[in-house]
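Visitor: I am new to this structure. Could you show me how to read its features?
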Amino acid sequence: MKQRVITAVIALIVFIPLAVIGGTPFDILALILGLIGLSEILVMRKKLLVSPEAIISGLAALFLIVPQNWLAFLPTIATRFTIFYFFVLVLLLYTVMTRNRFSFDDVGVLVLGALFVSLGFHYLIGARQAGVDTLFFLLLIVWTTDSGAYLIGRKIGKNKLAPHISPNKTWEGSIGGTLAALVVGLIFNLFWPQAGNWFMICGMTILLSAIGQAGDLVESALKRFYGVKDSGKILPGHGGILDRFDSLLFVLPFAHFIGLI
């Protein structure tokens, strides 16, 4: 527990000032986090981090993560998604060059992993561009849901939420985490109002809290499939980047879908 707390404090000391500053420093942080997240998928898939497939998928991820102004030098026709698809084709060609030692299935994992991780961190940049208050509103929903679900689940949790994937999670904890996020979200909106009226804020908070928990379960399913306890070891006591950002990687795109970012 002590190591977990120390890691969390150090991570927040780095993350929060960069989030407040925004701009290029925060964009670079999001890019680094995204590439580390993709590398964790590569490791779980038992792929070398120094290999053609790692480099190609990393370049594909880079073009999805970076903000649009970083791509101003490109011709109009070369959008981030056309470039991403170019690297998908290169990965497919690589299956031929390796005589299927690197297979179509491997391509599928890396392409899906790059889409999932990279767009999530791209929208992290988008949330900061929408405003530091918007970014922290989303972060607080995720953090409060996570903490509330853990504390309430430990205290009164009895009914398992998804025992085949994450046996420690309970319905009581899940509902408690969402209620905690709702309270914190409403208090936050007293000082830094987000888009919409109070009814919309309540609905938005409940929706994003539930989606964040779904993202947590998806990452748990991914780790269970690959037979690992943590996605990585970069954060002592916490695991990997995907372990810490699993909920946000779902919440941020949905925040974009509903027009918050």
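Guide: Start with a definition. A salt bridge is a side-chain nitrogen of Lys or Arg within 4 Å of a carboxyl oxygen of Asp or Glu. By that rule, R45, K47 and D106 are linked in a network of salt bridges. Keep in mind that the model is predicted.

Visitor: How many salt bridges does the structure hold?
Guide: Side chains of opposite charge can pair when their charged atoms come close. The structure holds six such salt bridges.

Visitor: Which residue does D106 meet in a salt bridge, and at what distance from N to O?
Guide: D106 meets R45, with 2.9 Å from N to O. D106 lies in helix α5, residues 104–130, and R45 in the loop between α2 (23–44) and α3 (52–65), so the pair ties together parts 61 residues apart in sequence.

Visitor: Is D106 buried or exposed?
Guide: D106 is buried, at 7% relative accessibility. R45 is partly exposed, at 23%.

Visitor: With which residue does D216 form a salt bridge?
Guide: Its partner is K169, and the closest N and O atoms are 3.5 Å apart. Helix α8 holds D216 and strand β2 holds K169, so this pair ties together parts 47 residues apart in sequence. D216 is buried, with a relative accessible area of 14%. K169 is partly exposed, with 24%.

Visitor: What about D230 and K229: how far apart are the closest N and O atoms?
Guide: They are 3.9 Å apart, and the two residues form a salt bridge. D230 is partly exposed, with a relative accessible area of 30%. K229 counts as exposed, at 69%.

Visitor: Now the rings. How many aromatic pairs does the structure hold?
Guide: A pair of aromatic rings is described by the distance of the centres and the angle of the planes. This structure holds eleven aromatic pairs. In one of them, F121 and F245 have ring centres 5.3 Å apart and planes at 55°, so the pair is tilted.

Visitor: Where do F121 and F245 lie?
Guide: F121 lies in helix α5 and F245 in helix α9, residues 241–245, so the pair ties together parts 124 residues apart in sequence. Both F121 and F245 are buried.

Visitor: What is the angle between the planes of F254 and F257?
Guide: The angle is 70°, an edge-to-face pair, with 5.4 Å from centre to centre. Both residues lie in helix α10, residues 248–257. They sit three residues apart, about one turn of the helix. An α-helix has 3.6 residues a turn, so residues three or four places apart point the same way. F254 is partly exposed, at 33% relative accessible area. F257 is exposed, at 56%.

Visitor: Which residues do ring pairs link into a cluster?
Guide: The cluster is made of F137, F188, F191 and W192.

Visitor: Last, a helix. How many residues does α7 have, and what does it reach from its first C-alpha to its last?
Guide: Helix α7 covers residues 171–191, 21 residues in all. From first C-alpha to last it reaches 31 Å, close to the 30 Å expected at 1.5 Å a residue.

Visitor: Which residues of α7 are buried?
Guide: Among them are E172, G173, S174, T178, L182 and F188.

Visitor: What do the buried residues of α7 pack against?
Guide: They pack against two helices, α6 (132–156) and α8 (198–226). They also pack against strands β1 (160–162) and β2 (166–170).

Conventions:
Residues numbered from 1 in each chain as written. Predicted model: local features only at pLDDT ≥ 70, side-chain atom pairs only at ≥ 80, totals over all residues. Heavy atoms only, no water. Helix = DSSP H or I, 4+ residues; strand = E, 2+ residues; numbered from the N terminus. Expected span 1.5 Å × (residues − 1). Buried < 20%, exposed > 50% of the residue type's maximum accessible area, 1.4 Å probe, protein only. Contact = heavy atoms within 4.5 Å. Phe/Tyr/Trp six-rings, centres within 6.5 Å; stacked < 30°, edge-to-face > 60°.
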